[in-house]
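Dear colleague,

Please find the structure below, followed by an account of what was found in it.

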Amino acid sequence: SLIEYHLTTSPHPAILDFRLPQKPHKGFSLNPPVPLHPPTAMPHILILEDEAEIAEIIALTLTRDHHTSQIAPTAQIAGQHLAREAYDLLLLDVGLPDINGFDYLKILRAQHPRLPVIMLTAQDEETDRILGLELGADDYIGKPFSPRELNARIKALLRRTQRQPENEWN
Ligand code: CA
């Protein structure tokens with residue numbers, strides 16, 4: 001047999017393993033790695049909000065509603081997440097420490113034209129809402145908001161934007 005052949009021909013039995021046909025190790029695969037967020041997974045949402053308590057409440061609300069989420073306290077950190085992972089939706093606070101949310105939306109739209117965006121506006125002021133929509137936000141929600149309203153708006157927006165290229169893993 002093959003093993004006997006090696007045993008009789010190899011002067012160094014210790015290296016025999018390298019010469020025998022090997023079964024692939026469990027978990028070994030020539031296929032590309034599984035994407036972090038395949039399109040069939042739960043909706044994945046980026047929360048760009050600098051107030052930790054609010055961000056945590058939003059994340060908890062999303063988890064309860066079977067969404068996964070990532071919190072970014074600054075626009076810079078959000079940019080890093082967006083470069084690494086595919087998101088189905090962005091919750092964008094207007095009052096951020098490193099940039100105004102409206103200005104960030106302009107930059108974001110150049111790089112991610114189809115990423116669904118809901119703006120979190122501190123005041124329920126008409127000018128803010130209109131500006132956000134004009135700059136390409138898909139929806140807005142005025143603080144304070146109820147978890148139920150947030151979930152309803154996220155679900156409605158995801159329904160409208162499902163199966164568009166931005167949501168597909170490339
Ligand atoms: Ca804020």
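Strand β4 (residues 117-121) runs parallel to β5, and four bridges join the two; strands here are DSSP E runs of at least two residues and helices are H or I runs of at least four, numbered from the N terminus, and two strands pair if DSSP finds at least two bridges between them. Within this pairing, Asp139 of β5 is the bridge partner of Ile118. The model is a predicted one, in which local features need pLDDT of at least 70 and side-chain atom pairs count only at pLDDT 80 or more, whereas totals for chains, interfaces and linings use all residues. Residues are numbered from 1 along each chain as its sequence is written, and side-chain values use heavy atoms, without hydrogens and water.

The two strands belong to an open, parallel sheet of five strands in the order β2-β1-β3-β4-β5. Its edge strands, each pairing on one side only, are β2 (68-72) and β5 (139-142).

Strand β1 pairs in the parallel sense with β2 over five bridges and with β3 over four. Leu48 has Ala72 as its bridge partner in β2, and Ile47 has Leu91 in β3. Five of the five residues of β1 are buried, so this strand is largely enclosed by the rest of the structure; buried means under 20% relative accessible area, exposed over 50% and partly exposed in between, with a 1.4 Å probe and protein chains only. His44, Leu46 and Leu48 cover one face, Ile45 and Ile47 the other.

The calcium ion is coordinated at 2.2 to 3.1 Å by Asp50 (OD), Glu51 (OE), Asp93 (OD) and Gly95 (O). Donors are N, O and S atoms within 2.8 Å of the metal (3.2 Å for Na, K and Ca), and sites may look incomplete because water is not among the atoms. Asp50, in the loop between β1 (44-48) and α3 (52-64), and Asp93, in strand β3 (residues 89-93), are 43 residues apart. Asp50 is partly exposed at 30% relative accessible area, whereas Asp93 is buried at 2%.

Yours sincerely
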